[in-house]
Amino acid sequence: GLFVTDYFTRTPRKLSPFRSFASIELFHFHIPEDTVIAVWNLITFKEQGGTFGDQCPDRSITVYFRSGAPSVINPLHTHFPRDTAVPGSFALTLTWTLPNRTTGVFNVTSPLPGDWFLAAHLPKDEGKISVKGLYEECQYLFQPQLIVQRLVNIAVLYPGHVTEQSMAPHNRSCLYKVFVPSYTSRVLVEVLRCRGAEGCPLWLRVRAKAPPLHNSTTLDCREHTPCQLAQDLPFWQHWYYVLVEKHPGVPGTVSFQVTVQLTDCSRPSLARPPFLPSSASMNMPHSFGSAGGLALGDSPPPTSPNDTKHPLPIPVTLHTEERCWPVRPTLRNELDTFSVHFYIFFGPNVSVPPDRPAVFVINLLPVLDSGGVLNLELRLNVSSLCGENVTVFGCLNHGVPLTSGDNTSVTCETESLAGFLLSVNATASLSRLRIPYPQTGSWYLSLRSLCATEHGFEPCTNVTAEVYLRAYLSPCINDCGIYGQCKLLRTNNYLYAACECKAGWNGWGCTDNAEAFSYGFQLLSTLLLCLSNVMFVPPVAIAVRSHYLLEAAVYIFTMFFSTFYHACDQPGIVVFCIMEYDVLQFCDFLGSLMSVWVTVIAMARLQPIVKQASVLYLLGAMLLSMALQMDRHGLWNLLGPSLFALGIMAVAWTARTIRRRHCYPPTWKRWAFYLCPGALIAAAAVLLYAFVETEENYFYIHSIWHLLIAGSVGFLLPPRAKPSRRLGPLPRRKGCGYQLCVNEQEELGLVDPAVASINSICTG
């Protein structure tokens, strides 16, 4: 046959360890109609520091495939919320074949046309909290590519018309398609006047939406006479593909006729009229294939006279129970993104008569509605049962309504279809159903009432049940509860929503409490993170006693905002916010960096050297505010100002050492009991913060960080400087000269200069 090959690719994206669906990378593809094979080329490579990550560890990558909507995945094996239906999907795990690159291939023969979604992620990690910029992180980049091969000019069969075909010896099969409009209850495909070397050596295969596969509905024409293949309850508004395949090893040419008969369920005694209708009268898309037959072989079949079409009367046995009931539409009311309510005309209370079902249709828009959750709720009005033991069954199915001809059947499936069954009665009057990431298109809900007897369910008599029906689309299940946050995510032009859980809760709706934090644990962690800031009280007292009022104000600012930031930053329900979260976070980070800055500048003792040393405090506040606004989690936001302040202190101490020709500070007690312990405590705090802190131990490791940082400030803050006092006027020597008064206590850097006597050495 004639094939066309299309190629699609996506930009590489960085994969993340799986925590919830919000951490996966989602890719959206569109497969055209008449595609016979789709091949995904899955390319994964490592990067570290802008180069190939040969030293990065091999981490498995899981990829999920689903047609129509994103995959509903559960790699952590958590519990789904009640009344939640989980649609299936394909999964593939990629392993590494090269040090920094691997490639996987996923083939789909005769894929369903329309939207396809790929979801990829890394396995869950230990949740280590890393400082941004501390080391080069290993990145795992994933890039999917799609190659599709589709047939062109597939022959179109018209209902009630016969198509003649001759299959040459070198051809193995012929492919046709027929469009099935709405209110069609049966599709009958028949092979007529089959002539070959061994009778009728043909296989007849039928499949909806895509070309048939080896496991599609099949009939061997050698064993069945007449060769008829029927499809009950076909999908409405879709193409059905008919494949006539020759048995292997059959010599010579095989000639046959093929015809399709559609049964209109709104007129069960009539079939589709045997004339050539237009595409508009058949509700058929205008862009359908040619009218000629096409063989799937090395070359197209002859065009004449073997490919003629003419109407012939076809005897069809109609089933009297094949009839459909009126489908009531719903009114779509869009409130917000993934917030859509479907209202029923003259509803929401629905009357279900005993002799026939009530059928409703819910239309989900392509692409736009597949990223949310379809919710359905049935509530039975018990007072309408008049004391009868009535059960109302609801069957929700995609593509076609499932209404059984057997009034006593309570199933919601056929050989080729499977829907979702709901039921309400006097004891269980409420039933719910949630479908995450539903397929778009038409969803049909069929309601019927049956009475329970000793012999099972039987049709009721003179009892019309009343049911409250509510159908709506929501972003997440129950808005993710109190232990989750519903996030609206985007991949290119596709929007979808997912829950991000906290406080140890997991699951699609944050309802799995297997690893959840208890209330006592949440309260303990909050108190530890908040009360550990009380350790700043001793540094504040030392600063006030040493007349470092500006430093004391900064420490109070840090203690206040760190306390209330951590009270607002808790993942559970023990949360208290006095301001917006972003304001509290900014003030906490600014106070922490300013505490380091003012402490180091105070240790430098710049006042005798630089008269306007207060300018450095103001300059530090402005620069730190700018850096935090750019990136609050960057490594250089912490190291940059600290190293700059340490450089200023080193220059000041070196200048004093050179001028006095003695190490500064000069006393060994200052080094042994204050500077060295303070430096060690600060270094231990930094190491804990950078290398030990994880999500699991955050509440007590970060509390220790508070204690150590505040304790180091108490050791490192210098003692109070005594003001220099000039001596009285002395007789000046002849010649030019000046007096230089040096405060000896300040130069020695003693801890408690108030005890020491005031000695000033004046040199001229």
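1. Asn-478 is exposed, with a relative accessible area of 54%. In this note, exposed means over 50% relative accessible area, buried means under 20%, and partly exposed covers the range in between, computed with a 1.4 Å probe on protein chains only. Asn-478 belongs to the loop that links β33 (465–474) and β34 (484–491). The C-alpha atom of Asn-478 is separated by 7.1 Å from that of Gly-509, although the two residues are 31 residues apart along the chain.

2. The structure is a predicted model, in which local features need pLDDT of at least 70 and side-chain atom pairs count only at pLDDT 80 or more, whereas totals for chains, interfaces and linings use all residues. Residues are numbered from 1 along each chain as its sequence is written, and side-chain values use heavy atoms, with hydrogens and water left out.

3. The chain as a whole holds nine helices and 37 strands. Helices (H or I, at least four residues) and strands (E, at least two) are DSSP runs, numbered from the N terminus. Of the 764 residues in the chain, 48% are buried. Among contacts (heavy atoms within 4.5 Å) with a separation of 6 or more, 77% are made by residues 24 or more positions apart.

4. Strand β4 (residues 35–48) has several partners; two strands are said to pair if DSSP finds at least two bridges between them. With strand β10 (residues 138–151), β4 runs antiparallel and is joined by 13 bridges. With strand β8 (residues 101–109), β4 pairs in the antiparallel sense over nine bridges, and Ile-37 has Thr-109 of β8 as its bridge partner. With strand β5 (residues 51–52), β4 is again antiparallel, here over two bridges.

5. A separate point concerns an open sheet of four strands, ordered β3-β9-β6-β7, in which the pairing is antiparallel. Its edge strands, each pairing on one side only, are β3 (25–31) and β7 (90–94). From one strand to the next, the twist averages 20°. Inside the order, strand β6 (residues 61–67) and strand β9 (residues 114–121) run antiparallel and are joined by six bridges. Tyr-64 has Ala-119 in β9 as its bridge partner.

6. Strand β27 (residues 373–380) is mostly covered, with seven of its eight residues buried. β27 pairs with strand β30 (residues 430–436) in the antiparallel sense over seven bridges, and β27 is joined to β33 by eight bridges, also antiparallel. Leu-376 has a bridge partner in each of these strands: Leu-433 in β30 and Ala-471 in β33.

7. Two packed helices are described by the angle between their axes and the distance between the axes. The axes are lines fitted to C-alpha atoms, for helices over the stretch in contact, and the angles run from 0 to 180 degrees between N-to-C directions. The axes of helix α1 (residues 519–531) and helix α8 (residues 698–716) come within 8 Å and cross at roughly 15°. The two helices are therefore roughly parallel, since angles under 35 degrees count as roughly parallel, over 145 as roughly antiparallel, 65 to 115 as roughly perpendicular and the rest as oblique.

8. The crossing of α1 with α8 is left-handed, meaning that the near helix is turned anticlockwise from the far one by less than a right angle; clockwise would be right-handed. On the α1 side, Phe-521, Ser-525, Leu-528 and Leu-529 meet Tyr-698, Phe-699, His-702, Ser-703 and His-706 of α8. The residues of this contact divide into five nonpolar, four polar and no charged. Here Ala, Val, Leu, Ile, Met, Phe, Trp, Tyr, Cys and Pro count as nonpolar, Asp, Glu, Lys and Arg as charged, and the others, Gly among them, as polar.

9. How does helix α7 (residues 668–692) lie against α8? Their axes come within 8 Å and cross at roughly 155°, so α7 and α8 are roughly antiparallel to each other. The residues of the contact of α7 with α8 divide into 20 nonpolar, three polar and one charged. The crossing of α7 with α8 is left-handed.
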